[in-house]
Amino acid sequence: MILIKWRDLDTLISEADVVLEVVEARNPIATRCRIVENMVKRKGKDLVVVLNKCDLVPMRICRAWVEYLRSVEGLTAICFSSKIRETRRDLKKLIKSFSTTNPTLVAVVGYPKVGKSSLINALKGKNSASTSPYPGSPGYTKVSQRYKIAPGIYLIDTPGVIPVHSDDIELQIRARPIEKIGNPVILASKLILYIIENNRYAFKEAYGIDSTEPIEILESLAKHRGWFVGKDKELNISEAAKAIIRDYLRGRIRMYIQPPSTGAQTSL
Ligand SMILES: Nc1nc2c(ncn2[C@@H]2O[C@H](COP(=O)(O)OP(=O)(O)OP(=O)(O)O)[C@@H](O)[C@H]2O)c(=O)[nH]1
Ligand SMILES: [Mg+2]
């Protein structure tokens, strides 16, 4: 799977006038990339944190995140969803307010699968940049490319960035194609616990499984879907593990992190 090279990112940020850092509204802190933010700051460029996929989160939560990032970190942030017209209009307006040169180059950066290319398509009003649901699945972004979204305003789509030192769960599920994950059961078990910590009923809502035990959940899903392996027809929990990682990435398992000011439930 091709990711953006640090050298290319450095050049891109140097050339850009504004940088949009796309993060998941479901989990903004764990999907932001501080190395990129520091590069942007060092180069004196404008940074906008886009809390994307806000359709997967109650609007009040997304707004509270915007307020948290503004008041605690002094960052400009905005709620966005390629599915909500009002947010498309707001983001376009914000980008235009930063546009002091002609042309204005806006770099769109972030972890794999946070929705960078989808955002560009939504602002362009046309499916020009290719997109895909899972890391490295056909259609993911392999090279940086410019897209004109308004007269004199160009958004630059980029391949995903992965920080070197981090073993965060949000990163681990995005760092490689799902079929290449070495031990999907271990990774999915960690993901399940993380999801349950933030939404006790997530697996009941998604699959009707009333358990909080990772292995029980995996077994139950495999049984329900009829996934068995070997001549002994053992439950194929490895397949169930991959399905859960895919479903989380696709937003089919409801989970979001609360911003600290509204009563944090998790380590931020
Ligand atoms: N619910 C929801 N899903 C979204 C939104 N934006 C993007 N997605 C989904 O997120 C997945 C990833 O979207 P992409 O636009 O390919 O993400 P990307 O950041 O460009 O990914 P890479 O090019 O691999 O780095 C796709 O399945 C999109 O349909 C959104 O606003 N809401
Ligand atoms: Mg892309």
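1. Helices are DSSP runs of H or I with at least four residues, strands runs of E with at least two, both numbered from the N terminus.

2. This is a predicted model, in which local features need pLDDT of at least 70 and side-chain atom pairs count only at pLDDT 80 or more, while totals for chains, interfaces and linings use all residues. Residues are numbered from 1 along each chain as its sequence is written, with chains lettered from A and ligands numbered from 1 in the order written.

3. Val 185, Ala 188, Ser 189, Ile 192 and Leu 193 of helix 7 meet Pro 214, Ile 217 and Leu 218 of helix 9 (contact: C-beta atoms, placed from the backbone, within 7 Å). By class, this contact has seven nonpolar, one polar and no charged residues.

4. Strand 5 (residues 145-150) pairs with strand 6 (residues 153-157) in the antiparallel sense over five bridges; pairing requires at least two DSSP bridges. Gln 145 stands opposite Asp 157. The hairpin has two residues between its strands, and Gly 152 takes a positive phi near 75°.

5. Around ligand 1 there are 23 residues, of which Gly 115, Ser 118, Thr 131, Thr 141 and Gly 160 come nearest (near: backbone-placed C-beta within 6 Å). Helix 5 (residues 116-124) gives the most to this shell, three residues.

Terms used:
Contact = placed C-beta atoms within 7 Å. Nonpolar A, V, L, I, M, F, W, Y, C, P; charged D, E, K, R; others polar.
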